[in-house]
Amino acid sequence: MNDTGKGAATSVAVKDLRLAYGSLTILDRLNLDIGEGEFIVLLGPSGCGKSTLLNCIAGLLDITDGQIWIKGKNVTWEEPKDRGIGMVFQSYALYPQMTVRGNLAFGLKNAGLPKPEIDRRIARAAEILQIQPLLDRKPAALSGGQRQRVAIGRALVRDVDVFLFDEPLSNLDAKLRSELRVEIKRLHQQLKNTMIYVTHDQIEALTLADRIAVMRGGIIQQLADPKTIYNKPANLFVAGFIGSPAMTFLKGRVGERDGVPVFEAQGSTIALDQYRGTVPAAGEVILGVRPEHVVVARGGADAVVDIDEPMGSDSLLWLTFGGQTLSARAPAEHGFQPGEKVGLSFDVSKASLFDVATEQRL
């Protein structure tokens, strides 16, 4: 997991990082190299260690062992203000008595920057984030999305090389989250700074990241670009965490029919000759299939429709296949009925086989 993205020089390097409180180990010998100008997303459920890792990089937590390097400098024991980072938190943390301009200027004044330089940086940040009309307002007069823009602007005026985002959109409603997501993506494309972004939202991760580090129990389960994470998940956990609607997992075993390897589950079979991975000669496996890789057709007898769940442009079908529940996408206008028998075809080239014991992708 030490390859940096884009083939670029390393911007942030986490080396054998360990964080423990007494006998409780939170992060254990974690390594992560982040390329210059790369957008890395730390993704995982609550308690997986993603925010803890970000806080270690920021210097907000003292690590037990290991090193943190930023721009070729060992900053392991440097104060946060000396690490060359800008951080945006989940809470806006704006000073309510100050205007937007005052909030943006506060840290720069404390750093002793001359007023013309402060004004220049504020004007630049305001232009990039399109908050020029808000500069003389106080936070109480701003919407949630506007406050988060100001919080991003406060990091932006520091003119640093590395930006850290700790779930900055989680307090916003769905529409605002979508809008701010686009703005953060545009901001990265414009600035080309290194950005490390923490979220539990897989949509944010898939749309924003150059690479995603999926975490569980303080360990990086997989580090790869979004397409690889989605199409070739390293293990069952990553496969189940990424994707909405979620991937279906079918339990069965590998057999053979007419010289072709097949997946078998209670009399139902799926040919595996197009599988892009290792198909074992025999034995129990778990087959992971995403709903969009299953085609449902009338007139067959492979499965039975349980529920047709309308989702706007299409429907999510819940089917009984091989004695198990399988989900599939279908055009909304098809209107399948509960109890209806249907035929199925699978794009096995985009499926995943997992070892039952190790839960690793084969």
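Visitor: How does the lining of the largest cavity divide by class?

Guide: This is a predicted model, and it holds one cavity of 30 Å³ or more. The lining consists of Met-87, Val-88, Phe-89, Ser-91, Tyr-92, Ala-93, Ala-151 and Arg-154. Two or more of these residues come from each of β6 (85-88) and α4 (144-156). By class, the count is six nonpolar, one polar and one charged.

Visitor: Which element gives the most to the lining of the largest pocket?

Guide: The largest pocket has a volume of about 520 Å³, and of its 21 lining residues the closest to the centre are Gly-86, Met-87, Phe-89, Arg-154 and Arg-158. At least two lining residues each are supplied by β6, α2 (100-110) and α4. With six residues, the element that gives the most is α2.

Visitor: Which element gives the most to the lining of the second largest pocket?

Guide: That pocket has a volume of about 150 Å³. Its lining includes Asp-273, Asp-302 and Phe-321, and β13 (268-271) and β18 (341-346) each supply at least two residues. The element that gives the most, with four residues, is β13.

Technical notes
Residues numbered from 1 in each chain as written. Predicted model: local features only at pLDDT ≥ 70, side-chain atom pairs only at ≥ 80, totals over all residues. Heavy atoms only, no water. 1 Å grid on protein atoms, 1.4 Å probe; cavity = no way out; pocket = protein on both sides within 12 Å on 5 of 7 lines; lining within 4 Å. Points joined across faces, edges and corners; volume = space filled by probe spheres on them. Nonpolar A, V, L, I, M, F, W, Y, C, P; charged D, E, K, R; others polar.
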